[in-house]
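Student: I would like a close look at a single part of this model, with cut-offs stated. Please keep the answer connected.

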Amino acid sequence: MTAPRRVLVIGSGPIVIGQAAEFDYAGVQACLALRGEGVETVLVNSNPATVMTDPDVGGTVVIGPLTVEHLTAVIEEHRPDALLPTLGGQTGLNLAVALDDAGVLERSGVRVLGTPLAAVRAAEDRGGFRALVTGIGEPVPESAVVETVEDGLRFVEHLGGPVVVRPAFTLGGGGGGFAATLAEARERIAHGLKASPIGQVLVERSLLGWYEIEFEVLRDAADTTIAICGMENLDPMGVHTGDSIVVAPIQTLPDPVVQRLRRCALKIVRVLRLEGGCNVQLAVRPDGDDYRVIEVNPRVSRSSALASKATGYPIARVAALVALGKRLDELPNPATGIGSAAFEPAVDYVVVKLPRWPFDKFPAADRSLGIQMKATGEAMAIDREFGPALLKAIRSVEPRGRGWLWEDPAWGLSHRAQEDLDAFLAPSDTRLWRMVALLRHGWADASALSSITGIAPWFTERLAELVETERGLVGRPLLDAKRAGFGDATVAEIAGVPPVAIRRARVRAGIAPAYRRVDTCAGEFPAETPYFYSSYADEEVAPLANGRSVIVVGSGPIRIGQGIEFDYCSVRAAWAIRAMGLDAVVINNNPETVSTDYDACSRLYFEPLDIESVLDVIDHERALTGEPPHVVLTFGGQTAIDLAKELAYADVPIAGLTAEAIELTEDRERFAGLLDELGIAGPRGQLAATPEELRAAIAEIGLPVIVRPSWVIGGRGIAVLRSDADVASLLATEIGWPLRVDEMVEGIELDVDAICDGVDWCVPGILEQLDAPGVHSGDSVAVLPPQRLSRHVQERAAAVAGRIALALGLRGILNVQMIVSGERVTVIEANPRASRTVPIVAKALGRDVVAAAVRCALGASLAEVGWQPGLAPDAALVAVKAPVGSLWRLPGVDAGLGPEMRSTGEVLGLAPSYPEASALALAAAAAHAPAAESG
């Protein structure tokens, strides 16, 4: 095959439920691999918060709508001779098929690399896939492909049992679901037909209760086909794999059954003639004697990212090279550098993935789980056994009070009748904790839990073992608790002492975790992958260190209000640190992201982002390099910032700012006092610690008011109160007292990002929010540079941000939100960290804002990093950001706009004028609206 000269890569667009950061990870790996082979890349994406949309990664980058019309224009302008369609999720795959159907690819001489579109159609078309699989003698559930509700209902009547409806060419199970009655089937089929872009659904016999298994498979043009990873869903069939706890390697099935399933997966991929990476999903009867093929994703996916991080095998990178015609046996082993890539990884540990749901923001949402995905993100944990890995995963999803010991008083366990257990243990985001609570209180044993939930007995037995260990922790050696996987905070809660007391006891006794390498070969061959996990069960595998390290604390699982933009910042920070000749160390636990690619840093630690694990890594790095590492918190969102006080207490040097500076900005009352000291206008307001004080403050200030708790991100807990009814509604909820009660300030809201070196400051850009104050900036359309403010007013706003940065003694980056009315500038809040606006400013200016900020944080001056003091000149292009939501996947959620953020992602329009940029942004957002996905 002749190598292509220029390849078009289609991104996946904004973050939505079912399609998140995993495609930025895949796109970055693929673009760097292609460019490493001397191939030019033309990357099209609408999401500005991605690493892939930086030109040093994506090559020629076009930020714009992911539509057939726009892609056609890009092809005509940039003349690529090839297209790689399998890296942009369902969005990229559907667009590639649409471009082919429209004749654009043939007319423009663009060939498809890797998996042919005929194979994509065969895998995505429910009827064609069923015929292909049965044609090679593999079993599928009894099913029918239908294009009308009436045909679907006739088949349901023929089956006489529950069915599942699966729309063709949709994302994250969108439009699908189970139906137990004809009425439910009518509704599901009608909804599924609307959701499918080709108006087709598969109605199949329900396999509820069967175990769900996935294989990630790679195949090259020479028909070398390997299974990278087998993964097992803890939740049986009926829960979307994105909402399920996932375990690797497969734990509960005997090896002959696993090998039978593996051979089936390889056989299907071969007959489809897929070239690259794909995901095969199978259902297994609990006795292991029978199985069914469910579906194949003929592209890299969320599971591909998880499998890559679980094994250390870079699936997307290798898949991109396979698409160029490379054979697996001629590519080097990516972990060891010796041997070939045509090998199946071996692991000597257990990986557990836990979903991160948005129900903490939306308590009124329907929390039940089914085949339509609801999670916004996920966390992954690694340890030598399932129990410790599960406990570490629970810590990694940042439960905010929902640790291993959590129980909801509303469950009423003390008076729950046995006959209620079926409903009590129905699939939901709390089912894991419900099972643990039943075991803890003796209301059910492992066998009963498996009988009710369909979860394999092996898993419920492990949960029972953890509960039994928990019961006996008091009085046992601390090392036993750590080897069992219990975190310091859990041990402290059980023992009735502060968590710091447990850490001190550990330090005195010399109890610390060892760090093991993820190397794809279970330690059988020498490897130098700088990828580590902690364990109390094994000896150390010492990593190599080249000099003093700087630790970048990541942002953990994606959630509304803290998304992919912080991963962008973490990656750019790590790259800047390495460019300074220092070791860039990343701590994170999100398997979807670029920051958890071990190639992105000098050393990667896959760990919970709590004070225990972060301090353990810091101690380990200190011992490794002989010097205390600097710790960078400003690019990991609120997750990282929340660690500042405890890190300062432990005498850890925080790069660029102090815990006191963080406290000043995060504590609403103290920040108001700082503004008074500086003579900077803030909203009129006061603190309220009780309902009575809240009412008194409102009486003095007058409605409407806005109430804000401290230490939050994404507007969590912030509310606008316009009437007495609003006040009553607020007081009926759980409130994080105290609250700052402020007057509602009218005007134009701004996001101002400042970089400070301790002496001078600069403002790279100001975003003007087009929605009125009271709508969270993440949910507002925004424009850079401001269109309704004079340059003079913008400079005044920039100067206010600079004064705050200097007053805080800050080095690095600061985000200030303010409202301008006429000539008056009123400051609302300041965040001593990067904000979601940073990637937008960087894309608009074409400059690396993060590198400048991290270098200043580590001691450089603005002059040394190439920035002039003051407000930067306007960019040549106008940038318009538009939010994109996916709350239609969460029944019961009020999608109305307010001070608490609701959007999951964003798109960008870049053009010489505001009208042009606005039109592009709105077109990009429309391409990902529910109606667009539902056809």
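Student: In which loop is the place of Pro785?

Tutor: This is a predicted model, in which local features need pLDDT of at least 70 and side-chain atom pairs count only at pLDDT 80 or more, while totals for chains, interfaces and linings use all residues. Residues are numbered from 1 along each chain as its sequence is written, and side-chain values use heavy atoms, with hydrogens and water left out.

Pro785 sits in the loop between β29 (782–784) and α29; helices (H or I, at least four residues) and strands (E, at least two) are DSSP runs, numbered from the N terminus. Pro785 counts as buried because its relative accessibility is 9% (buried is under 20% relative accessible area, exposed over 50%, partly exposed in between, with a 1.4 Å probe and protein chains only). Not counting residues up to four places away in sequence, Pro785 touches Ile766, Asp874, Leu877 and Val878, where contact means heavy atoms within 4.5 Å. Ile766 is 19 residues from Pro785 along the chain, and their C-alpha atoms are separated by 6.0 Å.

Helix α29 (residues 791–807) packs with helix α26 (residues 668–678) at an angle of about 110°, and their axes are 11 Å apart. Axes here are lines fitted to C-alpha atoms, for helices over the stretch in contact, and angles run from 0 to 180 degrees between N-to-C directions. The angle therefore makes α26 roughly perpendicular to α29 (65 to 115 degrees; under 35 is roughly parallel, over 145 roughly antiparallel and the rest oblique). On the α26 side the contact is made by Phe671, Leu674, Leu675 and Leu678, and on the α29 side by Arg803, Ile804 and Ala807. These residues divide into six nonpolar, no polar and one charged; Ala, Val, Leu, Ile, Met, Phe, Trp, Tyr, Cys and Pro count as nonpolar, Asp, Glu, Lys and Arg as charged, and the others, Gly among them, as polar.

As for cysteines, a search of the whole structure finds zero disulfides, a disulfide being a pair of cysteine sulfur atoms within 2.5 Å. Cys762 is in no disulfide, and its nearest cysteine sulfur, that of Cys856, is 7.2 Å away. Cys762 counts as buried, because its relative accessibility is 1%.
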